[in-house]
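Biologist: I would like a close look at one part of this model. Please take me through it step by step, and then show me what else is there.

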Amino acid sequence: MTTPPTQVAKKSTQQASHLLADAIAQVQRVIVGQEHMVEQLMVALLAKGHCLLEGVPGTAKTLAVRSFATVVGGEFARIQFTPDLVPSDIVGTRIYSASKEKFDIQLGPVFVNFVLADEINRAPAKVQSAMLEIMAEKQVSIGGRTYPAPDPFIVIATQNPIESEGVYPLPEAQRDRFLLKVDVDYPRGNEEFEILRRMSIKAPEPNPVLNPEIVKKLQDQASQIFVHNLVAEYIVRLVLATRNPKDFNMPDLASVISIGCSSRATLGLVAASRALALIHGRDYVLPTDVQAVAVDVMAHRILLSFDAVADNVAPAQVIERIVAMVPSPTPVWNQDQPA
């Protein structure tokens, strides 16, 4: 007796979920707490998107990315962004070879599977613009030739929100290139105690679980997760609510939001929701998946008005209000169907 196709799909989805759970568990052998950050790193990887981590120093952002790259496998490079960087330090340049009497191409450190852009907001605008092509198109043009990035490819950037000297705020165009922006908070009291106990002797090391070939298969599997039309319409309504909040019974937000989310937010919500559904072992997206990723996908894509910034209104609060006000789809059961 052959197994129905739906059961095969469910079995493979469960297998993928268990594999992803093992990978996340390996990262959390090193990182105490920060479950949301670790899960969102995996969401970004499965959705083929980039991730921006923002938090004060000492909240294990860099350690989390290093551990994540070890668990996932592939090539990893850490670039410490400083104000004296130039674009060629990132993407590469042409170097004259006297023995060959011609120019050779020296590719930069971004040609790896995982790029950790540490303190990305310390680099000037030229370096930020050099990152745009590799992040958006996954390729770099040097000397009239185009060089593709490895597959899979993901940029995980960190930035410090509390410093104002010697930093260059990311332009809106580059913030929009990040699928997710995750706010990393301080650990809780019990987590702080566990950090002291675990890290004061010998820090644990994660074990590799995945490799680039498995990651590509998981990415393909995540892209096939089913999204119902009602869920897709819900995603569209969430994005439209950031552009015209008056149409969704939120007239007070019209003076708060200066520029709403772009279409990348719509596509990002779908991709991130599919990835989260796969992590949770489902082959379909629920409205709760959309709500779980909405703040991280949308908050950094809206631009608040000057008055809202002066009143210390946080973009995350605005997105949370929109998620609370826009009704999610509810199932309507057939009345003739027995309970």
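Which residue in β4 is the bridge partner of Gly-92?

Modeller: The partner of Gly-92 is Leu-107 in β4. Keep in mind that this is a predicted model. Now place that pair in its setting. Strand β3 covers residues 92-97, and strand β4 covers residues 102-107. The two strands run antiparallel. Six bridges join them. Together β3 and β4 form a hairpin, with four residues between the strands. Look at Glu-101 in this hairpin: its phi is positive, near 55 degrees.

Next, turn to the open sheet. Five strands build it, in the order β2-β5-β8-β1-β9. Their pairing is parallel. Find the edges: β2 (76-80) stands at one and β9 (178-183) at the other. Each edge strand has a single partner strand, so one side of each has no neighbour in the sheet. From one strand to the next, the twist averages 15 degrees. In a regular strand, side chains alternate between the two faces of the sheet.

Stay with β9 for a moment. Its link to β1 (residues 50-54) consists of five bridges, and these two strands run parallel. Within this pair, Glu-54 stands opposite Asp-183 in β9. Helix α2, residues 35-46, lies across β1, β5 (114-118), β8 (154-159) and β9. Against β9, α2 runs at about 175 degrees.

Two other helices also meet. They are α11 (residues 287-298) and α13 (residues 315-325). Their axes come within 9 Å and cross at roughly 145 degrees. The crossing of α11 past α13 is right-handed. From α11, the residues in contact are Gln-291, Ala-294, Val-295 and Met-298. From α13, they are Ala-316, Ile-319, Glu-320 and Val-323. By class, this contact has six nonpolar residues, one polar and one charged.

Finish with a loop residue. Ala-254 sits in the loop between α9 (229-243) and β10 (257-259). Its relative accessible area is 33%, so Ala-254 counts as partly exposed. Leaving aside neighbours within four places in sequence, Ala-254 is in contact with Pro-245 and Lys-246. Then compare sequence with space. Ala-254 and Ser-305 are 51 residues apart in sequence, yet 9.4 Å apart in space, C-alpha to C-alpha.

Key: Residues numbered from 1 in each chain as written. Predicted model: local features only at pLDDT ≥ 70, side-chain atom pairs only at ≥ 80, totals over all residues. Heavy atoms only, no water. Axes fitted to C-alpha atoms, helices over the stretch in contact; angles between N-to-C directions. Left-handed = near helix turned anticlockwise from the far one by under 90°. Contact = heavy atoms within 4.5 Å. Nonpolar A, V, L, I, M, F, W, Y, C, P; charged D, E, K, R; others polar. Buried < 20%, exposed > 50% of the residue type's maximum accessible area, 1.4 Å probe, protein only. Pairing = 2+ DSSP bridges.
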